[in-house]
Amino acid sequence: MPSALVVVPTYDEVDNLERTIGRLRQSVPHAQVLIVDDASPDGTGALADALAEGDAGVEVLHRTDRGYGSAVRAGLARGLEAGVDAIAVIDADGSYDVMLLGEMLEAIDADVDLVIASRWVPGGDVRAMAGRRRLLSRAGNRYARTLLGTDVQDLTSTCRVYSTRVLRRVPFDRLRSDSIAFQIELAVRIAQAGGRIVEMPVQFTERAVGVSKTDVGMVLDTLRRVTLWGARGIRARPRG
Ligand SMILES: Nc1nc2c(ncn2[C@@H]2O[C@H](COP(=O)(O)OP(=O)(O)O)[C@@H](O)[C@H]2O)c(=O)[nH]1
Ligand SMILES: [Mg+2]
């Protein structure tokens, strides 16, 4: 099993965080956990501190900036500094099954640089998600996949494991896109750097508690960026 950091970005997850961290510590007890909180108004940061207080395997990064993409970039940078072999990223809301992380980490080896917990490969599934959102995710993924020339079925999944080997070759800290677009851009950069991407089916369950931070503006921004990248000839395959 590679040494690992698990990054958990949080914004207003006070009713989800403790359960997610508890399950994470069970699922991958050898991994260090880093909660990246952007000054959540609901007190998630204070709860994160309390969880870290009682567990040496849990740390917290408090930020004043806001943004999913920049929170993940900060977490990835921490993992590189720590010198681990792999960095996992997973939501705090319980949507992705944390029990899959061990298997995902084990899949990182000499040939595999990015493992995506995928809703849209055979065996993957989505539960309790509004029909419109499901359709948008499928159609958006198909659009991005076709335009950017990749066979990755779930480019927008927010449950992933990266090898630090590939992250050292990709200028992830210079990417400026956020949210869904950031997920796509980082996967494209990894493919361009020659990284191999595999997908593992995941049972996704839409959050039961708290609200989604994904809004229409993020979806439109992603569509705009993907269209631009496609038009500029950006493709998710190794640069020759
Ligand atoms: N640090 C940080 N975390 C965020 C931000 N936006 C979303 N998140 C976290 O990212 C994860 C996914 O967000 P979520 O709202 O569930 O998105 P959805 O699954 O697309 O509805 C959750 O753990 C959120 O708390 C942000 O601006 N900063
Ligand atoms: Mg969610």
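Axes are lines fitted to C-alpha atoms, for helices over the stretch in contact, and angles run from 0 to 180 degrees between N-to-C directions. Helices (H or I, at least four residues) and strands (E, at least two) are DSSP runs, numbered from the N terminus.

The model is predicted: local features need pLDDT of at least 70 and side-chain atom pairs count only at pLDDT 80 or more, while totals for chains, interfaces and linings use all residues. Residues are numbered from 1 along each chain as its sequence is written, ligands are numbered from 1 in the order in which they are written, and side-chain values use heavy atoms, without hydrogens and water.

**Exercise 1. Determine how α7 is oriented towards α8 and α3.**

Step 1. The axes of α7 and helix α8 (residues 216-231) cross at roughly 30° and come within 7 Å. This makes α7 roughly parallel to α8, because angles under 35 degrees count as roughly parallel, over 145 as roughly antiparallel, 65 to 115 as roughly perpendicular and the rest as oblique.

Step 2. Contact means heavy atoms within 4.5 Å. On the α7 side, Ser179, Ile180, Ala181, Ile184 and Glu185 meet residues of α8, including Met218, Val219 and Trp229.

Step 3. Helix α3 (residues 68-82) packs against α7 at about 45°, with the axes 8 Å apart. The two helices are therefore oblique to each other. Their contact involves Tyr68, Gly69, Val72, Arg73 and Leu76 of α3 with Ser179, Phe182, Gln183 and Leu186 of α7.

**Exercise 2. Describe the sheet and identify its edge strands.**

Step 1. Two strands pair if DSSP finds at least two bridges between them. The open sheet has 7 strands in the order β3-β2-β1-β4-β7-β5-β8, with mixed pairing.

Step 2. β3 (58-62) and β8 (197-201) each have a single partner strand, so one side of each lacks a neighbour in the sheet. On average, neighbouring strands are turned by 20° against each other, direction ignored.

Step 3. Strand β2 (residues 32-37) runs parallel to β3 and is joined to β3 by 5 bridges. Valine 36 stands opposite leucine 61 in β3.

Step 4. Helix α7 (residues 179-192) packs on the sheet and touches β5 (114-118), β7 (160-163) and β8; the direction of α7 makes about 35° with that of β7.
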